[in-house]
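User: I'd like to go through this model bit by bit. Can you take my questions one at a time?

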Amino acid sequence: MQSGKPSKDVDNINDSFQTFSKTCSVIYNKISKKQYEYLQAISGIQDDIFDSCNGLVKQQVDILEDYVNSGLVSKEYMMPLVEMANRLIESYLNYISLEYNLALSRTQYHHKILQMINDVTPKLMKTYLEYIKQFKTFSLSA
């Protein structure tokens, strides 16, 4: 009777470990996929910002030159409009920078939470096993 019990306990441990391993794999795969998608999105935003800045600057210079060369307006009249457009663009880029900061803060927060879980879980498991061991010892002596 005693010889069958350790085998059953080992089977239960193996089943638990396999379940845990599958769960970890699923979680890891989901996170990896999202991380890849996030990096693609960030790269796309960076490309868009670069293209927009270059395009906007070139468009502003071209428009300014066209209006000034055609004699419709003076350069002094156009400069406040160009400065206003630049302030709007700068404000939007500051907003995007803020979004980056928020995403970075959230990522760092999750990193700290996971570190804490990794540090605390073995200690909790050890404490739990010691606690259970007391009851097992108590039930065997009674």
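User: Which residues make the nonpolar surface patch of about 620 Å²?
Analyst: This is a predicted model, where local features need pLDDT of at least 70, side-chain atom pairs count only at pLDDT 80 or more, and totals for chains, interfaces and linings use all residues. Residues are numbered from 1 along each chain as its sequence is written, and side-chain values use heavy atoms, with hydrogens and water left out. A patch takes residues with over 30% relative accessible area and no salt bridge, joining like charges within 9 Å and nonpolar side chains (Val, Leu, Ile, Met, Phe, Trp, Tyr) within 5 Å; areas are Shrake-Rupley with a 1.4 Å probe, and for residues only the protein chains shown count as cover. The patch is made by Met125, Tyr128, Leu129, Tyr131, Ile132 and Phe135.

User: Is phenylalanine 135 buried, partly exposed or exposed?
Analyst: Phenylalanine 135 sits in helix α2, residues 75–141 (helices are DSSP runs of H or I, at least four residues, and strands are E runs of at least two, numbered from the N terminus). Buried means under 20% relative accessible area, exposed over 50%, and partly exposed in between, with a 1.4 Å probe and protein chains only. Its relative accessibility is 46%, so phenylalanine 135 counts as partly exposed.

User: Which helix gives the most to the lining of the largest pocket?
Analyst: A pocket, on a 1 Å grid over the protein atoms alone, is an open set of points where a 1.4 Å probe fits, with protein on both sides within 12 Å along at least five of seven lines; lining residues have an atom within 4 Å of a point. The largest one holds about 530 Å³ of space, and of its 15 lining residues the closest to its centre are Ile31, Gln35, Thr107, His110 and Leu114. Both α1 (4–69) and α2 supply at least two lining residues. With 9 residues, the one that gives the most is α1.

User: How far apart are the closest N and O atoms of lysine 34 and glutamate 37?
Analyst: These two are 3 residues apart in helix α1, so about one helical turn separates them. Lysine 34 counts as exposed because its relative accessibility is 54%, while glutamate 37, at 33%, counts as partly exposed. They form a salt bridge (a side-chain nitrogen of Lys or Arg within 4 Å of a carboxyl oxygen of Asp or Glu), and the closest N and O atoms are apart by 3.3 Å.

User: What distance separates the C-alpha atoms of tyrosine 77 and leucine 64?
Analyst: Tyrosine 77 is in helix α2, and at 55% relative accessibility it counts as exposed. Along the chain, tyrosine 77 and leucine 64 are 13 residues apart, and their C-alpha atoms are separated by 9.8 Å.

Technical notes:
Points joined across faces, edges and corners; volume = space filled by probe spheres on them.
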